[in-house]
Amino acid sequence: MKQTLRISRLLAATALACGLLAQGALAQTFDLAILNGRVMDPETMYDAVANVGVKDGRIAAITKDKIEGKESIDATGHVVAPGFIDTHWHSDRPWTNRLALRDGRTTVLDLEIGTHGPYIDQWYKEREGKNQVNYGQAVAHEFARAEALDGFKGAQDLYSAIESRKGAGWCCRKPTLEEGNQILELLDEGLQAGGLGLGSTLGYMRDGVSAREFFELQRLAGRYGRQTGAHFRYTPGNEVTESNGIQELLANAAALDAPALACHFNNPGYNLVHELLVRMRDRGMNVWGEIYPYAAGSTALNAVFLEPEVWVDQLGYKYEETIQDVATGEWYTQKSREEMLKKEPVRAVLVFKMPESAVLDWLRLPGVSLVTDGMPLVPEDGLTWDTPYEKLPNTHPRAAGTYAKALRLARENNIPLMQIVAMSSYNSARPLGKMGLKTMQERGRMQEGMVADITIFDPEKVTDHATYEKGTLPSTGIPHVIVNGQIVVQDSKVLAGVNPGQPIRYEPQKSRFEPLTVENWTQEFYASPVDFGGGVPGDQPRRVGEPSTQPHIH
Ligand SMILES: [Zn+2]
């Protein structure tokens, strides 16, 4: 009797609870209801047909129950994925962000070159309420060098490099101790302002940046618990140099216990780079890498690695087979390159360096992030949000087609869809969130309570259209994109004037910069470099009582 009563009470309680839940779900009207889609979450591996209720910019419900919204999207036959996160986007402009949205991207960051430290705050302010996608920048090593060594102060992002790279110091001169401190102080200014770690184009400055300088850079970012991302020293190189480049970044990261990001390691030697990253993550380190899914890269014609001593002598390439003009499609020869360098040193070129088959390899790598490395469109004059896609100046197709291409290749080659969804969102959100970046702890996931950045695509039809000849054609098969709970792409049209993009940024903080001094170095490590360049054996200051270290020549 007693037991029966207890059971019936329990049943009643359960019925009541279920009733309340069902009633609650029914009664609640969401701002937006996304119905009958295949919801995929790379963190929990949730993969099921469900309804998604969005309220106040967040995912409020993921349920099999019937739900209603003030607005609704029928997602039958479509995947409902976390909004795609591109951490390597050099092209934050209204007309290029339109292309990003059509490709499913809800967040675009530049963690490779970034913005000049003193300009970080202004960069974010200029975009408040004006961006269709979420936005953010690392603090730029290259521009700190441009100011300290060339006196160039106006650098903002990769667009500025057209001017700043005319100097001779930024790339090629080793700073004195005083100049080194100035570089670090400029970087610290950006970190204080909430910049997303440090970005370094070290590979373009390989002769000017000493191992000591790069180590100090990583030490500074590490003091804030943030990553240093780098186009590392010898990239693109061969299997040996590429690996040596990443080893510099990762050895410093390990010694300093500082996070690190290997930018676009889709180059010869990628297998070892990947293995190094995996093994370090297994040991609890926050290091990760990114790839873009194209055989060719894109850069400026005067990039140091395109000099004949490197490109031809060291790496064994021929210009006429590998270097193509982005605008005209013409292939360069050593002679025509030299002529163009006199007229337009930073002219955009395509650089063919990998077989197309390698792309499939990269897309199968676990834990790797997918990025675009989308380049600025030049010239910018006359470009507006309304400029038709086909009228935009040509650029490497990765700017427009990366994510749709990855999804298409996955379909054609039986790569699990969850792998590509993870690469496109969670694999970037996770390491950034781990550093305390709140805005990334609540993105890159299809879970209740997360920010409603959502990309809805047709897994059977999604495809890229951008080619090397016409790189600005938008992807298709991604009909709806939602940013911070607001529909920005509807029925494959980017909606004008809808600007829900939010800053991805740390809270402002106090300086953690400590100037480098010979005295401190000597005290801590007994061996002080005489300057920022690394010192000369025999010139090292000695501790009292130590034998002379004057070099002997045998
Ligand atoms: Zn790069």
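This is a predicted model: local features need pLDDT of at least 70, side-chain atom pairs count only at pLDDT 80 or more; totals for chains, interfaces and linings use all residues.
Guide: Let's open with a cut-off: a residue is buried under 20% relative accessible area, exposed over 50% and partly exposed in between, using a 1.4 Å probe and protein chains only. Residues are numbered from 1 along each chain as its sequence is written, and side-chain values use heavy atoms, with hydrogens and water left out.

Visitor: Why is Cys 263 called buried?
Guide: Its relative accessible area is 0%, and the cut-off is under 20%. Cys 263 therefore counts as buried.

Visitor: What makes Cys 171 and Cys 172 a disulfide?
Guide: The label needs a pair of cysteine sulfur atoms within 2.5 Å. Here the S to S distance is 2.2 Å, so the pair qualifies. The structure holds one disulfide.

Visitor: Which residues coordinate the zinc ion, and at what distances?
Guide: Glu 112 (OE), His 231 (ND1) and His 264 (NE2), at 1.9 to 2.4 Å. Along the chain, the donors follow the spacing E-x118-H-x32-H.

Visitor: What do Glu 112 and His 231 tie together?
Guide: Glu 112 is in strand 7 (residues 105–115), while His 231 is in the loop between strand 10 (228–230) and helix 9 (239–256), so the pair links parts that are 119 residues apart in sequence. Both Glu 112 and His 231 are buried. Strands here are DSSP runs of E, at least two residues, and helices are runs of H or I, at least four, numbered from the N terminus.

Visitor: What makes strand 18 and strand 19 a pair?
Guide: Two strands pair if DSSP finds at least two bridges between them. Strand 18 (residues 480–483) and strand 19 (residues 486–490) have three bridges, in the antiparallel sense. Ile 482 sits opposite Ile 487. The two strands form a hairpin with two residues between them, and Asn 484 in the turn has a positive phi of about 50°.

Visitor: How many bridges join strand 19 to strand 20?
Guide: Two, with the strands running antiparallel, and at least two is what pairing asks for. Val 489 stands opposite Val 494 there.

Visitor: Which strands are called the edges of the open sheet?
Guide: The sheet has eight strands in the order 6-7-8-9-10-11-12-16, with parallel pairing. Strand 6 (84–86) and strand 16 (369–370) are the edges, each pairing on one side only. Helix 7 (residues 177–192) packs on the sheet and touches strand 8 (134–140) and strand 9 (198–200), where contact means heavy atoms within 4.5 Å.

Notes:
Donors are N, O and S atoms within 2.8 Å of the metal (3.2 Å for Na, K and Ca); water is not among the atoms, so sites may look incomplete. Axes are lines fitted to C-alpha atoms, for helices over the stretch in contact, and angles run from 0 to 180 degrees between N-to-C directions.
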